[in-house]
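Hi everyone, thanks for coming. Please have a look at the structure on the screen, and I'll walk you through a few parts of it.

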Amino acid sequence: MPKLDDVSGLRLAFGVAAKARTHGNHPFGCVLVDGDGTVLLEAENGYMPDRDMTAHAERLLATAASKKFRPAEFAQCTMYTSAEPCAMCAGAAYWAGFGRVVYGLSEARLKTITGSHEENPTLDLPCRAVFAAGQRPVEVVGPLLEDEAAAQHKGVWD
């Protein structure tokens with residue numbers, strides 16, 4: 001079985017984001033893939049029904065992964081995510097032990113899309129800055145396929 005490439009991994013995350021939107025949530029999604037290319041977990045945004053502002057897909061994925069696996073198992077894993085992890089989600093990915101993050105839509109571009117929407121007061125803080133403050137390296141790739149990632153937000157934040 002061939003390893004999953006970054007474009008294919010991101011498109012899986014985009015599919016999860018699309019599911020989130022059909023479930024009445026914000027269009028964010030992510031998948032956790034091991035070093036062999038096997039999808040271990042996926043998570044979509046969980047804002048609704050409780051209006052949980054912390055139920056970002058990446059944070060939910062990190063929580064689920066931490067409950068199921070040990071941090072040492074994540075060093076070779078990649079989290080593919082439809083949008084750049086915010087500071088909270090980057091911290092969760094760091095604490096869970098993910099070795100690599102690949103994202104589609106940058107926080108800076110997301111901010112131009114969401115504006116001052118009360119359901120997404122975007123933090124324009126690059127995840128690289130959060131990871132750089134840590135004690136272990138986290139490889140970051142992105143933005144990648146940014147126009148494709150941005151298209152998922154059309155009409156959501158108007």
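The lining of the largest pocket is made up of 12 nonpolar, 5 polar and 5 charged residues. Here Ala, Val, Leu, Ile, Met, Phe, Trp, Tyr, Cys and Pro count as nonpolar, Asp, Glu, Lys and Arg as charged, and the others, Gly among them, as polar. This is a predicted model, where local features need pLDDT of at least 70 and side-chain atom pairs pLDDT 80 or more, while totals for chains, interfaces and linings use all residues. Residues are numbered from 1 along each chain as its sequence is written, and side-chain values use heavy atoms, with hydrogens and water left out.

Now, on to strand β4, residues 100-105. Is it buried or exposed? All 6 of its 6 residues are buried, so β4 is largely enclosed by the rest of the structure; buried means under 20% relative accessible area with a 1.4 Å probe, protein chains only.

Strand β3 (residues 78-83) runs parallel to β4, joined by 5 bridges, and pairing takes at least two DSSP bridges. Ala 83 has Leu 105 of β4 as its bridge partner. With β5 (residues 139-141), β4 pairs in the parallel sense over 3 bridges, and Val 101 stands opposite Val 140 in β5.

Note on methods
Buried < 20%, exposed > 50% of the residue type's maximum accessible area, 1.4 Å probe, protein only. Helix = DSSP H or I, 4+ residues; strand = E, 2+ residues; numbered from the N terminus.
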